[in-house]
Amino acid sequence: EIKLKKISVVIAGRHSTSVCLEEEFLHELRRIALVKHKSLNELITDIDRNKRTNNLSSAIRLYVLKELKLQQLAKM
C-alpha cells in the first residue's frame, strides 16, 4: 500500500504551501537535503525555482529521481 504524507513548507522564506509525497520520496528528499547541508525548505525552494512543471510535488519526485540516478552513475 502506498502511503502519502502531506508536509507544509515555506518557499523562499515567504510563501507557505503544502506538498503531498509518498513516504519513500519524502525520506530520500530529506536525505538529499542533509547531504547538501540544506534545510528541507531551502531544497524545496531550489526545486521550485527550477521546476519545469506547475506541480511542485511532481517536480520534487523528478528531482529525487535525478539525484538518485546521479548517485548511481557516481558509483560506476
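In which helix is the place of serine 57? Serine 57 has its place in helix H3, where helices (H or I, at least four residues) and strands (E, at least two) are DSSP runs numbered from the N terminus. The model is a predicted one, in which local features need pLDDT of at least 70 and side-chain atom pairs count only at pLDDT 80 or more, while totals for chains, interfaces and linings use all residues. Residues are numbered from 1 along each chain as its sequence is written, and side-chain values use heavy atoms, with hydrogens and water left out.

**View A. The surroundings of serine 57.** Serine 57 is buried, with a relative accessible area of 12%; buried means under 20% relative accessible area, exposed over 50% and partly exposed in between, with a 1.4 Å probe and protein chains only. Not counting residues up to four places away in sequence, serine 57 touches Val19, Cys20 and Leu21, contact being heavy atoms within 4.5 Å. From C-alpha to C-alpha, serine 57 and leucine 4 are 11 Å apart in space, and they are 53 residues apart in sequence.

**View B. Helices H1 and H3.** Helix H1 (residues 23-35) packs with helix H3 (residues 56-75) at an angle of about 60 degrees, and their axes are 10 Å apart; axes are lines fitted to C-alpha atoms, for helices over the stretch in contact, and angles run from 0 to 180 degrees between N-to-C directions. The contact is made by Phe25, Glu28, Leu29, Arg31 and Ile32 of H1 together with Ile60, Arg61, Tyr63, Val64, Glu67, Leu68 and Gln71 of H3.

**View C. Helices H2 and H3.** Helix H2 (residues 40-50) packs with H3 at an angle of about 100 degrees, with the axes 10 Å apart, and the two helices are therefore roughly perpendicular to each other, a term for angles of 65 to 115 degrees. On the H2 side the contact is made by Leu43, Ile44, Ile47 and Asp48, and on the H3 side by Leu56, Ala59, Ile60 and Tyr63. The buried residues of H2 are Leu43, Ile44, Thr45 and Ile47, and these buried residues pack against S1, H1 and H3.

View D. Strand S1 (residues 4-11) pairs with strand S2 (residues 15-22) in the antiparallel sense over eight bridges, pairing requiring at least two bridges found by DSSP between the strands. Threonine 17 in S2 is the bridge partner of valine 9. The hairpin has three residues between the strands, and in it alanine 12 takes a positive phi near 55 degrees.

Methods
Angles under 35 degrees count as roughly parallel, over 145 as roughly antiparallel, 65 to 115 as roughly perpendicular and the rest as oblique.
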